[in-house]
Amino acid sequence: MTAISKRCAGMQASPIRKLVPLANAAKAQGTTVYHLNIGQPDIPTPDGYWSALKDSLPEVLAYGPSQGLPVLREAISTYYSRSDIPIDADEIIITTGGSEAVFFAFMTTCDHGDEVICFEPFYTNYNGFATMAGVKLVPVTSSVENGFHLPEAVEIESKITDKTKAILICSPNNPTGTVFSPGELQTLSSIVQKHDLFLLSDEVYRDFIFDGGSHLSTLELPEIEDRVVVMDSISKRFSSCGARLGNMISRNKSVMAAALKLGQARLCPPTMAQYGAAWIYHNLADNYYKDVLATYQSRRDLLMEELSDVEGVFFLKPEGAFYATIKLPVKNADKFASWMLTDFQLDGETTMVAPAAGFYATPGLGLDQIRIAFVLSEEKMRKSLCILKEGLKVYKETVE
Ligand SMILES: Cc1ncc(COP(=O)(O)O)c(C=O)c1O
């Protein structure tokens, strides 16, 4: 039998989902599994989304324009203008999830064999899209000790070669919850100007900034407006993961013209969902954002309360998004996370977390870390974290 492509054979399996068979086996035996492993928000999708879909039911569910429906691109432009960020509808292309925006960002800015610098730990699906685009991700390691903030500029610059085309960032960050400060963005701005690079900026969590902070978008850095490509999504911010809608934004006309060609090749993003998304961008009241943010922030506080004093556990307070990457007092968090599913339960319940090593590109890093997504109700969070703490104690006593 002829072999599958080397491209796919070499692709990483998702570290977020790789323990799913163990979780399924635990569930089949009647164990309740709390999912702290995956960033699937539990907050209801806004009601208006559904009404907008019903109000737009067409006779024929037709293709739409490759760059997305004008009504949605206008709505996104209006959404940005509310934050004093002028974006023209022509500078936006609607994509099939933020995922396709990541792919388009690589494809429009890089050729096969080009390098993109990114900060590990990073959102693992960047690996898959980099493979698809033939791009090599070059990691710069950030550290749990300083809350995964930007390493020194010299360290970043030391990774730049004549193949480097871009720096990729994600702020607020998945998997760490880190939010880059204006000073950090300034450092990146200087580097991309000095070395003639693009700045690819994943801002899918832009509305989730805790403790009264606000988000500085890379679209607000006029000196690099031609170099910035933003990736965005309605999945997390509006609890609409299944709509499969995101967008890519750039003021660089050549980048947008190239993105349109990619868009034409895949015809169009999902038509119906765009009507719902347009409603969301136009009409979502300020209190929606406030309420959702307050919900995630109290869960973040609960996480700190439950875990920060546990011996050997270390992480700094996440500043945004809904994730924390946490150092545990274990040698191999992968084994620990699997053991929680196969060998441990408290009153018929257990907790699933994502081992963090898969979020690093450098082999051997993050082995003692896990990622937690705080996407469960406070009651479930408290229970699942108590189970995790108890599991950790038993694991330390009996396994390691
Ligand atoms: C940082 C980041 N970027 C992009 C995505 C892709 O989101 P989607 O394709 O659902 O819009 C995700 C999803 O988890 C993410 O966490």
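Colleague: What is the handedness of the crossing in which H5 passes H9?

Modeller: It's a right-handed crossing where H5 passes H9; the term means that the near helix is turned clockwise from the far one by less than a right angle, with anticlockwise giving left-handed. Bear in mind that this is a predicted model: local features need pLDDT of at least 70 and side-chain atom pairs count only at pLDDT 80 or more, while totals for chains, interfaces and linings use all residues. Residue numbers start from 1 along each chain as its sequence is written. The element names are DSSP runs numbered from the N terminus, helices being H or I of at least four residues and strands E of at least two.

Now the geometry. H5 covers residues 97-109 and H9 covers 253-265, and the two pack at an angle of about 120° with their axes 9 Å apart. That makes H5 oblique to H9. Axes here are lines fitted to C-alpha atoms, over the stretch in contact for helices, and angles run from 0 to 180 degrees between N-to-C directions. Under 35 degrees would be roughly parallel, over 145 roughly antiparallel and 65 to 115 roughly perpendicular, with the rest called oblique. Phe-104, Met-107, Thr-108 and Thr-109 of H5 make the contact with Val-255, Ala-258, Ala-259 and Leu-262 of H9, where contact means C-beta atoms, placed from the backbone, within 7 Å. By class, this contact has six nonpolar, two polar and no charged residues. For those classes, Ala, Val, Leu, Ile, Met, Phe, Trp, Tyr, Cys and Pro are nonpolar, Asp, Glu, Lys and Arg are charged, and the others, Gly among them, are polar.

H6 (residues 125-133) is another partner: H5 packs against H6 at about 45°, again with axes 9 Å apart. That makes H5 oblique to H6, and their crossing is right-handed. On the H5 side you'll find Ser-99, Val-102, Phe-103, Phe-106 and Met-107, meeting Asn-125, Tyr-126, Phe-129, Ala-130, Met-132 and Ala-133 of H6. Nine of these contact residues are nonpolar, two are polar and none is charged. Met-107 turns up here and in the contact with H9.

Then there's the ligand. H5 gives the most to the shell around the ligand, four residues. The shell has 14 residues in total, and Gly-97, Gly-98, Ser-99, Ser-233 and Ser-235 come nearest; a residue is near if its C-beta atom, placed from the backbone, lies within 6 Å of the molecule. It's made up of five nonpolar, eight polar and one charged residues. Ser-99 belongs to that nearest set and is also among the H5 residues meeting H6.

While you're zoomed in around H6, have a look at the loop that runs between strand S3 (115-120) and H6, where Pro-121 sits. Glu-120 and Pro-121 are joined by a cis peptide bond, omega about 0°. Most peptide bonds are trans, and most residues other than glycine have a negative phi. Phe-148 isn't a glycine, yet it has a positive phi of about 60°; you'll find it in the loop between strand S4 (136-141) and helix H7 (153-157).

Notes
Contact = placed C-beta atoms within 7 Å.
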